[in-house]
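Work through the following exercises with the sequence and the model side by side. Try each task before you read its solution.

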Amino acid sequence: MMSKTVEEIINLERVKGLLGDLVRIHSPFFHEDEIMEYVFNWFKSKNLPVDTHKFYEKKITDFKGTNLVGKLEGEDEGPQVVLNGHLDTVNICDGWTREPLAAEIEGNRMYGLGTLDMKGGDTAIMLAVEAFSRTVEHFNGEILYTLVCDEEGPYGLGTDALVMDGYYDNADVSIVPEPSAAFAGIDFPCLCLGARGGWKYTVNFKGKSAHGANPEKGINAITEASKVIVELEKSKLKEHPKLGAGSICIIDVEGGGAPLSVPDTASFSVFRHVTLGEDRNYLRQEVEKAIERADIKGKASISFRDAPHPDCAGFQPYVVSESNPYTRAIKESIQAATSQEANIAYFSSVGDFNYLGSRTKIPTYVMGPSGENYHSADEYVELDSVVKTANIIYNFLVNVLV
């Protein structure tokens with residue numbers, strides 16, 4: 001006989017308590033030890049399986065990271081369901097009108113750094129796992145829950161390390177409760193059936209120095225870079241019927257420095273969101289064509305960012321079919337938990353879900369709470385949507401494992 005009901009475990013007051021505790025722990029990427037300890041002890045206090053996964057990335061970041069991993073195992077063979085969330089946040093930005101770590105509640109909103117991205121989703125995972133363990137006596141298959149570090153950092157090292165170490169080798173399906181509605185700009189409940197990918201690269205220019213009084217005797221590398229930027233932004237982008245088009249975002253420009261000389265070096269960097277069919281070679285050709293159209297006099301070359309290993313140099317796009325049996329199951333679970341049909345969308349940016357959806361090749365669904373201002377001041381999550389997200393995850397687990 002199970003001792004509690006789902007409603008006793010997944011409810012508004014418990015969401016407020018757990019999420020508030022998570023938000024009050026400052027956990028920017030690369031500084032997650034305190035929140036990892038809290039969540040580890042939380043699972044232990046509920047008699048739920050949990051262990052630490054340690055890794056060391058020494059090539060680029062010299063970062064020693066910790067992930068949390070737990071598994072509920074059924075009585076017989078069945079699918080392995082992965083629940084993945086990141087416990088880190090971005091750094092506190094300027095412009096907050098509220099205390100970013102106070103977990104202030106106003107009506108249905110909780111304000112605070114990471115409330116939406118994605119400690120609300122983490123709370124949903126934790127409560128859904130607790131509810132399942134307390135209310136379901138017999139099931140087949142497994143629930144693998146991974147709460148990771150450094151998703152907001154440059155390489156998604158936490159989930160990357162779990163992929164590299166084989167933790168997801170037996171996975172069949174995954175749910176990542178990132179704020180899908182906010183990113184897609186549509187109403188909750190929003191179910192993302194895939195995501196664009198992305199690459200960062202730099203274009204370097206070599207001109208010719210000359211005195212600033214006689215610029216015609218030199219080749220201005222900054223001017224050359226400007227011409228290529230203009231042409232690059234004219235590039236015709238591929239369209240995918242589900243993911244749409246990618247995007248080209250110039251994220252920094254550098255060059256010059258001498259007081260009265262024609263600058264002979266310059267560079268600009270790009271974050272290039274991509275759709276299916278746009279890989280690293282495609283982007284290289286895209287840049288080379290822009291350089292050719294710009295008809296520059298100096299030299300230019302493209303270099304992709306260095307990475308710990310090739311598989312985390314960029315984020316690959318992916319799409320899950322609407323006819324996939326797990327897609328039908330999660331849509332049914334959304335309907336059962338919210339009395340609403342899922343609003344289907346595709347995630348516009350990148351995250352750990354790209355590693356799960358592309359590198360492990362399992363259907364990966366992004367479906368999380370609603371709110372606003374992720375990565376910006378006065379971030380908030382709508383509390384009732386965290387409750388509903390936890391119930392959706394719980395219903396999905398029951399749907400596919402019981």
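**Exercise 1.** In which helix does V400 lie? Describe its surroundings as well.

*Solution.* Before starting, note that this is a predicted model, in which local features need pLDDT of at least 70 and side-chain atom pairs count only at pLDDT 80 or more, while totals for chains, interfaces and linings use all residues. Residues are numbered from 1 along each chain as its sequence is written, and side-chain values use heavy atoms, with hydrogens and water left out.

Step 1: V400 belongs to helix α11, where helices (H or I, at least four residues) and strands (E, at least two) are DSSP runs numbered from the N terminus.

Step 2: V400 has a relative accessibility of 19% and therefore counts as buried, since buried means under 20% relative accessible area, exposed means over 50%, and partly exposed lies in between, with a 1.4 Å probe and protein chains only.

Step 3: Setting aside residues up to four places away in sequence, V400 touches P79, V81, Y326 and A329, a contact being heavy atoms within 4.5 Å.

Step 4: V400 and G141 are separated by 259 residues in sequence, and their C-alpha atoms are 8.8 Å apart in space.

**Exercise 2.** Describe how helix α9 packs against helix α11.

*Solution.* Two packed helices are described by the angle between their axes and the distance between the axes.

Step 1: For α9 (residues 325-338) and α11 (residues 383-401), the angle is about 130° and the axes are 8 Å apart; axes are lines fitted to C-alpha atoms, for helices over the stretch in contact, and angles run from 0 to 180 degrees between N-to-C directions.

Step 2: The two helices α9 and α11 are therefore oblique to each other, because angles under 35 degrees count as roughly parallel, over 145 as roughly antiparallel, 65 to 115 as roughly perpendicular, and the rest as oblique.

Step 3: On the α9 side the contact is made by Y326, A329, I330, E332, S333, I334, A336, A337 and T338, and on the α11 side by K388, N391, I392, N395, F396, N399 and V400.

Step 4: Sorting the residues of this contact between α9 and α11 gives nine nonpolar, five polar and two charged, where Ala, Val, Leu, Ile, Met, Phe, Trp, Tyr, Cys and Pro count as nonpolar, Asp, Glu, Lys and Arg as charged, and the others, Gly among them, as polar.

**Exercise 3.** Carry out the description again for helix α7 and helix α8.

*Solution.* Step 1: The axes of α7 (residues 221-232) and α8 (residues 280-294) come within 8 Å of each other and cross at roughly 120°, which makes α7 oblique to α8.

Step 1: The contact is formed by K227, V228, E231 and L232 of α7 together with E286, V287, A290, I291, R293 and A294 of α8, and these residues divide into six nonpolar, no polar and four charged.

**Exercise 4.** How many disulfides does the rule count?

*Solution.* Step 1: A disulfide is a covalent bond between the sulfur atoms of two cysteines. The rule used here asks for a pair of cysteine sulfur atoms within 2.5 Å, and by this rule the count is zero.

Step 1: Take C149, whose sulfur is 13 Å from the closest cysteine sulfur, in C312, and so is too far away for a bond; at 1% relative accessibility, C149 counts as buried.

Step 2: Take C249 next, whose sulfur is 17 Å from the closest cysteine sulfur, in C93, again too far for a bond; C249 is partly exposed, with a relative accessible area of 40%.

**Exercise 5.** Is I143 buried or exposed, and which residues is I143 in contact with?

*Solution.* Step 1: I143 sits in strand β6 (residues 142-148) and, at 0% relative accessibility, counts as buried.

Step 1: Apart from neighbours within four places in sequence, I143 is in contact with G70, K71, L72, V81, L83, F132, L397 and L401.
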